[in-house]
Amino acid sequence: MSTYLFPVLIAVQVISALTIIGLVLLQQGKGADMGSSFGSGSAGSIFGAAGSANFFSRMTKWAAVVFFASTLGLAYVGSGGLQKAAPTDSGSVMEGFAPAPSAVPTAPETSAVPTAPSTTPTTSEATPTTEKSLSDSAKETVEATKQAVDSAKETVAKAADEVATKTQAAVDAAKEKVETAKQATSEAVDSAKEKASAVADATKEKTQAVVDAAKEKVETAKQATSEAVDSAKEKASAVADAAKEKTEAVVDAVKEKVEAVKSTESASASSAEGSAKETTTPSTPATESTK
């Protein structure tokens, strides 16, 4: 049974080892973020999803379990755990295996009948046959191992090609997204520039209209102020003329009154002088007679 189990364990061990190598190479570290460097926003995997990383982790764990199990099985089979005889001092490769049992038992020596010749070879004669079978088994194991290695290489190569194809597709998709984002950004910038220019023109027109309206209002205010000043000047001139006329009339009236008073006073003075003369004139002869 060990003859068939040994190559199977070898093939399983080689396949599991190559599977572990491929899975380890396919996985990315947490700090790598290969997908996020292309703008896809993924982290920890090259396919843009965290589920693939968990799948690879589980596959790596089970591949490691299979690898260690096959290693323990090879150690058990290689140590002769299934068929193991007592060791000898001959140093032969077959010292750990028991000789093949005899198909026909030999007759006892005490029998009177001559013993039949034994058809079963002795241990020394069976050893080359066993070694030859083991050599053939080893060759078969080597061939099976080579086939397993070639199959594993093909599987890893296919997986690497698929990964490279998917990576290239992801890179192309990322480039397309970047180009689309650039184009969208350029269009947005152009649209923003047009809107800003339109807003600036509208603001300029509104400002110019406000300035023109303000100028018109200022001109109107100036004209109204000039008219008000002219009207005020005319009114002030009319008031001044009226006041001057009234003042001149008052001055003339005062002068007339002063003249009247003066004439009255002169008349009163002249009448007083006349009465005084009349009073003093008759007393003169008496005075003279008294003397």
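Visitor: What makes S70 count as buried?

Guide: Its relative accessible area is 2%, and buried means under 20%, exposed over 50% and partly exposed in between, with a 1.4 Å probe and protein chains only. The value of 2% falls under that cut-off, so S70 is buried. Please keep in mind that this is a predicted model, in which local features need pLDDT of at least 70, side-chain atom pairs count only at pLDDT 80 or more, and totals for chains, interfaces and linings use all residues. Residues are numbered from 1 along each chain as its sequence is written, and side-chain values use heavy atoms, with hydrogens and water left out.

Visitor: Where is S70 found, and which residues is S70 in contact with beyond four places in sequence?

Guide: S70 belongs to helix 2, residues 50-78; helices are DSSP runs of H or I with at least four residues, strands are runs of E with at least two, and both are numbered from the N terminus. Its contacts, meaning heavy atoms within 4.5 Å, are with L9, V12, Q13 and S16 once neighbours within four places in sequence are left aside.

Visitor: What is the pattern of the protein along the sequence?

Guide: The pattern reads α-α-α-α, with four helices and zero strands.

Visitor: Why is the pair of F67 and F68 called edge-to-face?

Guide: Rings of Phe, Tyr and Trp (its six-membered ring) pair if their centres lie within 6.5 Å; planes under 30 degrees apart count as stacked, over 60 as edge-to-face and the rest as tilted. The centres of F67 and F68 are 5.8 Å apart and their planes stand at 75°, so the pair is edge-to-face. F67 is partly exposed at 24% relative accessible area, while F68 counts as exposed at 53%.

Visitor: How many aromatic pairs does the structure hold, and what is the pair of F55 and F56 called?

Guide: There are two aromatic pairs. F55 and F56 form a tilted one, with 6.0 Å from centre to centre and 50° between the planes. F55 has 43% relative accessibility and counts as partly exposed, whereas F56, at 13%, counts as buried.

Visitor: Which residues make up the largest nonpolar core?

Guide: L9, I10, V14, L74 and V77 do, five residues in all. A nonpolar core is a set of buried Ala, Val, Leu, Ile, Met, Phe, Trp, Tyr and Cys residues joined through side-chain atoms within 4.5 Å. Helix 1 and helix 2 each supply at least two residues of this core, and helix 1 gives the largest share, three residues.

Visitor: Where is confidence lowest, and where is it highest?

Guide: By pLDDT, the predictor's confidence in each residue from 0 to 100, helix 4 (residues 283-290) is lowest at a mean of 50 and helix 1 (residues 2-26) highest at 90. The mean for the protein is 74, and 64% of its residues reach 70 or more. Over residues 41-46 pLDDT stays under 50, and over residues 85-93 it is below 50 too. Where pLDDT is low, the predicted coordinates should not be read in detail.

Visitor: Where does UniProt place the feature "transmembrane region"?

Guide: The unreviewed entry in UniProt gives residues 6-26, 38-56 and 62-82; positions follow the numbering used here, feature names are shortened, and annotations may be inferred rather than shown by experiment. In the model, residues 6-26 are 100% helix and 0% strand, with their end C-alpha atoms 30 Å apart.
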